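User: I'd like to go through this model feature by feature. Could you show me how to read each one?

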Amino acid sequence: PPKSHTTIVAVGKYDDSAMVSGSADGSVLIWQGRNCVEEVKDAHGTAAITALHASSENSVSSLVLSAGANGKARLWRYHGDDRRLELSVEIDLFELGISGVASAVCLHQSRQRCLIGTTHAEIYEVFVTEELGEDGTSSVGKSVLGEGPIFRGLGGDEELTCVAASTSTKQFSVCGRDGSVTLWDTESRGLVKSDASLPSPA
């Protein structure tokens, strides 16, 4: 368990009894009920964790996607049998051309790609598993489009606060600090539905 008090700034849940949190000091913590069972100090150096997403693979293994103010997104595998968090993939957000900070992250249902939302109202779709190109180069950590975001200006120019991929369709929803909630299609990159009538930031 953590030996000192820390400020939790991001939280993700991957089953009914377990959750993951990220702290302002760059640590990632795994919780079972009220107990912290694993802590990875300096998961993002000393930079704050800015976004988290957790996805359960099976009863003993889960995936955790984290993003930090240090310009990195990292995919972790949590082994529940021995309570171990193992780094699988690191993505350099600056190499993707992201100028803001990652404020929301989400894994696709297939777990082969992830969505990264930014404080500049952009969404990037990025490979997190190996898909070799025709020239034999790895696609891990690269934009699905080759470069640039798949969407710009979601929620106006406000920070994106949440992104969630559908478990049954090729769609995802986005919440913005301006109170907007939008539903988008990843194939057509078109807007499916919009609701900007929330009285407060989403």
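**Cysteines, charges and strands**

Analyst: Let's start with the cysteines: the count of disulfides here is zero, where a disulfide is a pair of cysteine sulfur atoms within 2.5 Å. Before we go on, this is a predicted model, so local features need pLDDT of at least 70 and side-chain atom pairs count only at pLDDT 80 or more, while totals for chains, interfaces and linings use all residues. Residues are numbered from 1 along each chain as its sequence is written, and side-chain values use heavy atoms, with hydrogens and water left out.

User: Are Cys-114 and Cys-175 buried or exposed?

Analyst: Read that from relative accessible area: buried means under 20%, exposed over 50%, and partly exposed in between (1.4 Å probe, protein chains only). Cys-114 is buried at 0%, and Cys-175 counts as buried at 18%.

User: On to charges. How many salt bridges does the structure hold?

Analyst: The general idea is that side chains of opposite charge can pair when their charged atoms come close. The cut-off for a salt bridge is a side-chain nitrogen of Lys or Arg within 4 Å of a carboxyl oxygen of Asp or Glu. The structure holds six of them.

User: Which residue forms a salt bridge with Asp-92?

Analyst: That's Lys-72, with the closest N and O atoms 3.1 Å apart. Asp-92 lies in strand β9 and Lys-72 in strand β8, so this pair ties together parts that are 20 residues apart in sequence. Strands (E, at least two residues) are DSSP runs, numbered from the N terminus. Asp-92 itself is partly exposed, at 21%.

Lys-72 also bridges to Glu-90, where the closest N and O atoms are 4.0 Å apart. Here β8 spans residues 72–79 and β9 spans residues 84–92, so the two partners tie together parts 18 residues apart in sequence. Glu-90 counts as partly exposed, at 40%.

User: And what about Glu-125: which residue does it form a salt bridge with?

Analyst: Arg-113, and the closest N and O atoms are 3.5 Å apart. This pair links distant parts of the chain, twelve residues apart: Glu-125 is in β12 (residues 122–127) and Arg-113 in β11 (residues 113–118). Glu-125 is buried at 3%, whereas Arg-113 is partly exposed at 27%.

User: How do I read the pairing of β11 with β12?

Analyst: Two strands pair if DSSP finds at least two bridges between them. β11 and β12 pair in the antiparallel sense over five bridges, with Arg-113 opposite Phe-127 in β12. They form a hairpin with three residues between them, and Ala-121 in the turn has a positive phi of about 60 degrees.

β10 also pairs with β11 in the antiparallel sense, over five bridges. That hairpin has five residues between its strands, with Arg-111 in the turn at a positive phi of about 65 degrees. Five of the six residues of β11 are buried, so this strand is largely enclosed by the rest of the structure.

User: Where is Ala-102 found?

Analyst: In β10, residues 102–107; its bridge partner in β11 is Thr-118. Ala-102 is buried, at 1%.

Conventions: Helices (H or I, at least four residues) and strands (E, at least two) are DSSP runs, numbered from the N terminus.
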